[in-house]
Amino acid sequence: MEFKVNSKILEKILSKIIPAVPARTPMPILENFLFEIKSGQLLIYATDLEISLKSSINVAASENISIVIPARLMYDVVRSMDDVQINFSTDGNSKLKLTTDNGVYNIGYSPSEDFPETPAISKSKELILNGKDLKKAIDQTSFAMSKEDMRPAMTGTLFEFTSEGLKFVTTDGHRLVRLIYKNIKSGSEEQYIVPERAISVLSKLLGESDVKIYPGKSHISFIIGDVEFSSRLIAEKYPAYSSVIPLENENTLKIKRHELQSTIKRMMLFSSSNSKQVKFSIGKNNIVVSAEDIDLGSNAVEKIPCEYSGEQMDIGFNTQYVNDILSHVDDDEVIFKLHSPTKACIIEPGKKQENEDLMLLLMPVRLNT
């Protein structure tokens, strides 16, 4: 078997597939790429049984072949090469020979019989979404996924198809983010929970090109250009998050996002490492933000102008959570909708994007007396 391929073209493909190769695994075969040549097409596939990636290129091969080769060795060898033509060949001794103008490299391979098969995902339901929009949804919501394994559903991102639009939802119990694309509506209500690792890999694959999404019963598939990315779905019911979103928070605070975030970052230096508490004392025209670390005897206070309609209120938040939320609002102004110091606070951008609805919910913390 022989075929030729340019090193930079192959490197580009391998760089997209390598994220599915596990760094550590009790199944050594998963540390390999599946190289399969069939009808003049080289298919490269990798999986860790949770996610899988595959891509293909046309090659002029002398015969079909299906082998598994050490993924990281192959990737490191190819990406270390200059822009050269690589001649691949096998001679029946279980070695794949890579020949360039300057060198010869032999890599041992194994038969592919024991390599896991690609999960079969139905293509009956298809959604096409611009890659930039999908990446934006992931970037704005993924930070609030739970890190706790006690409730597996909350460790992923919810893709919710509804008549109101396509919703992306994450929560860790302390904060909740929901982004709705109102122009992507579905005739049926369906939920799919994509695990955190898949979300992380998917985000890095996305560009400006359209993405075809195929949700299935146990897996979901994304076709991005010449790459197909598949992931297992979390087989759990997502918490009834709508029930914790307050319907009426009558007190409205409007403030410059950058000013508040700058203050919050300084308050993070003065808040207690245990409670991470920051206090908002909200008045009609300004907000006093303060933090204190009793153990270290340090404290800080700042005053920021704002527009506020409602009764004067003292309310506490976790500084890290406030900073995270402000980092994911894409507008110069943010609006806090409040009811009382013990009820959930709603945060929204001052100006919403067309056909979008971004809502961030933050639970307050009890202030030290």
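β20 supplies the largest share of the lining of the largest pocket, four residues. Strand names here follow DSSP runs numbered from the N terminus (E, at least two residues, for strands; H or I, at least four, for helices). This is a predicted model, where local features need pLDDT of at least 70, side-chain atom pairs count only at pLDDT 80 or more, and totals for chains, interfaces and linings use all residues. Residues are numbered from 1 along each chain as its sequence is written, and side-chain values use heavy atoms, with hydrogens and water left out.

The volume of the largest pocket is about 290 Å³. A pocket is an open set of points on a 1 Å grid over the protein atoms alone, where a 1.4 Å probe fits, with protein on both sides within 12 Å along at least five of seven lines; lining residues have an atom within 4 Å of a point. The volume is the space filled by probe spheres set on the points, which are joined across faces, edges and corners.

There are 17 lining residues, and Q277, A291, E292, D293 and N368 are the closest to the centre. Two or more residues each come from β19 (277-282), β20 (286-293) and β21 (298-305).

Now the helices. Which residues of α3 meet α4? They are L134, K135, I138 and D139, and their partners in α4 are I199, L202 and S203. Contact here means heavy atoms within 4.5 Å.
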